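Work through the exercises below with the model open. Each task is followed by a stepwise solution.

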Amino acid sequence: MNRKNFKLKVVEIKELIPNSGGCFATDKITVNGLKVGYMYRGESDFEADSGWRFFSGTESQGYVDDLSHTEIYTVNTIANYDKTIIPYLNYPIGTELEWENDLDEFTIVSE
């Protein structure tokens, strides 16, 4: 089995968002250390699922389609990789956000 070499070690993960629920994120964030460039909140896929899905924005469709590149994490874990997501985590289901470098913040794609 191929073990992933995560950018952050378990001891580096701090509690930033208590009881944050689960989410999906790609290896571009957790292994390659890229910032979140696109995030959306969909319907929950399992009981503790927050509905959040996090991408760097550099993933190809083929990359995303290969399930080995995506894992389930707590939202807190992804917030440790990129704290800029925190102010947006209470947005409702159906929200899509993209990072805008010029503005240094996420902007709403759809809500």
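**Exercise 1: the sheet.** What is the strand order of the open sheet of 6 strands?

Solution. The model is predicted: local features need pLDDT of at least 70, side-chain atom pairs count only at pLDDT 80 or more, and totals for chains, interfaces and linings use all residues. Residues are numbered from 1 along each chain as its sequence is written, and side-chain values use heavy atoms, with hydrogens and water left out.

- Step 1. Read the order: S4-S1-S3-S2-S5-S6, with mixed pairing. Strands (E, at least two residues) and helices (H or I, at least four) are DSSP runs, numbered from the N terminus. Two strands pair if DSSP finds at least two bridges between them.
- Step 2. Find the edges. Strand S4 (70–74) and strand S6 (105–110) each pair on one side only.
- Step 3. Neighbouring strands are turned by 25° against each other on average, direction ignored.

**Exercise 2: pairing around S3.** Which strand pairs with S3 in the parallel sense?

Solution. 

- Step 1. S1 does, over 4 bridges. Cys23 has Trp52 of S3 as its bridge partner.
- Step 2. Turn to S2. It runs antiparallel to S3, joined by 4 bridges. Here Met39 stands opposite Phe54.
- Step 3. Continue to S5 (residues 96–100). It is antiparallel to S2 (residues 38–41), with 3 bridges. Met39 faces Leu97 in S5.

**Exercise 3: the core.** Which residues of the largest nonpolar core touch the most other members?

Solution. 

- Step 1. Define the core: buried Ala, Val, Leu, Ile, Met, Phe, Trp, Tyr and Cys residues joined through side-chain atoms within 4.5 Å.
- Step 2. It has 18 residues; Val36, Met39, Trp52, Phe54, Ile78, Ile85 and Leu89 touch the most other members.
- Step 3. Locate the suppliers. Strand S1 (22–26), strand S3 (49–55) and helix H3 (75–81) each give at least two residues. The largest share, 4 residues, comes from H3.
- Step 4. Inspect Trp52. Its contacts (heavy atoms within 4.5 Å) beyond four places in sequence include Cys23, Met39, Val75, Leu89 and Leu97.

**Exercise 4: Asn80.** Is Asn80 buried or exposed?

Solution. 

- Step 1. Asn80 is in helix H3.
- Step 2. Asn80 counts as buried because its relative accessible area is 11%.
- Step 3. A polar atom of the Asn80 side chain lies 2.8 Å from the backbone oxygen of Lys14.
- Step 4. Beyond four places in sequence, Asn80 touches Leu8, Glu12, Ile13, Lys14 and Leu16.

Notes. Axes fitted to C-alpha atoms, helices over the stretch in contact; angles between N-to-C directions. Buried < 20%, exposed > 50% of the residue type's maximum accessible area, 1.4 Å probe, protein only. Polar contact = N/O pair within 3.5 Å; in protein donor to acceptor, adjacent residues only side chain to side chain.
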